[in-house]
Amino acid sequence: MAKTYALHYAPAEAKAKDLCKDTKSLLERYEIITKYVSDKIAYDYVRAITIPKRNGQPDVARCWNMRMGICLDIAALTVGMLRAVSIPCNLVIGWANGKRHAWVEARIDNKRYLYDHDDPKGTVKLYKKERLY
């Protein structure tokens, strides 16, 4: 049986819709949402070392309410917000520079956009996809 992740969280989706209410393009919406997540959600270093390393579930509600999470939480939250404003995207689980990781891939106007909250400067050189959600 395939694993599924809960990416829906109504308060975050409502915020996404509010942030993007006056936008015209999907790319503008993408930029607004990813900037919001980058600015408002912090990486949770304590959770990163205290949760099981494999087969963890994202906790989107906790991430939203505490304004922090690990890569899986933040990517899942971002996907939920992007989908709420009609941006086709996936939560990607895999490897980044040889370490377990999660990130977002969006598709806008036949172009792929990668959002990695943990790598705002784009220093990751090798992403290897394992699963998409």
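Predicted model: local features only at pLDDT ≥ 70, side-chain atom pairs only at ≥ 80, totals over all residues.

**Entry 1: H1 against H5**

H1 and H5 turned out to be oblique to each other. I looked up the numbers behind that. H1 covers residues 10-19 and H5 covers residues 71-84. Their axes come within 8 Å and cross at roughly 50 degrees.

Next I checked the hand of the crossing. H1 and H5 cross in a right-handed way.

Which residues of H1 and H5 meet? On the H1 side I listed Ala12, Glu13, Ala16 and Lys17. On the H5 side I listed Leu77, Gly80, Met81 and Ala84. I then sorted the contact of H1 with H5 by class: five residues are nonpolar, one is polar and two are charged.

**Entry 2: H1 against H2**

The axes of H1 and H2 come within 10 Å. They cross at roughly 125 degrees. H1 and H2 are therefore oblique to each other. The crossing of H1 and H2 is right-handed.

I wrote down who makes this contact. H1 supplies Lys15, Ala16 and Leu19. H2 supplies Ile32, Ile33 and Tyr36. By class, the contact of H1 with H2 has five nonpolar residues, no polar ones and one charged. I noticed Ala16 in both of my lists: it meets H5, and it also takes part in the contact with H2.

**Entry 3: Salt bridges**

How many salt bridges does the structure hold? I found eight. I looked at some of them in turn.

One joins the side chains of Asp18 and Lys21, at 3.0 Å from N to O. Are these two buried or exposed? Asp18 is partly exposed, with a relative accessible area of 38%. Lys21 is exposed, at 56%.

Another joins the side chains of Lys35 and Asp39, at 2.5 Å from N to O. I checked their places in the helix.

Arg131 is partly exposed, with a relative accessible area of 25%. Glu130 is partly exposed too, at 36%. This pair belongs to a network of salt bridges that links Arg100, Glu130 and Arg131.

**Entry 4: Ile41**

Last, I picked a single residue. Where is Ile41 found? I located Ile41 in the loop between H2 and strand S1, residues 42-43. Is Ile41 buried or exposed? Ile41 counts as buried because its relative accessibility is 3%, and the cut-off for buried is under 20%.

I then listed its contacts, leaving aside neighbours within four places in sequence. Ile41 is in contact with Tyr36, Cys63, Arg67, Met68, Gly69, Ile74, Leu77 and His117. Two of these names were already in my notes. Tyr36 takes part in the contact of H2 with H1, and Leu77 is on the H5 side of the contact with H1.

The C-alpha atoms of Ile41 and Asp59 are separated by 13 Å. Along the chain, these residues are 18 apart.

Note on methods
Residues numbered from 1 in each chain as written. Heavy atoms only, no water. Axes fitted to C-alpha atoms, helices over the stretch in contact; angles between N-to-C directions. Helix = DSSP H or I, 4+ residues; strand = E, 2+ residues; numbered from the N terminus. Parallel < 35°, antiparallel > 145°, perpendicular 65-115°, else oblique. Left-handed = near helix turned anticlockwise from the far one by under 90°. Contact = heavy atoms within 4.5 Å. Nonpolar A, V, L, I, M, F, W, Y, C, P; charged D, E, K, R; others polar. Salt bridge = Lys/Arg side-chain N within 4 Å of Asp/Glu carboxyl O. Buried < 20%, exposed > 50% of the residue type's maximum accessible area, 1.4 Å probe, protein only.
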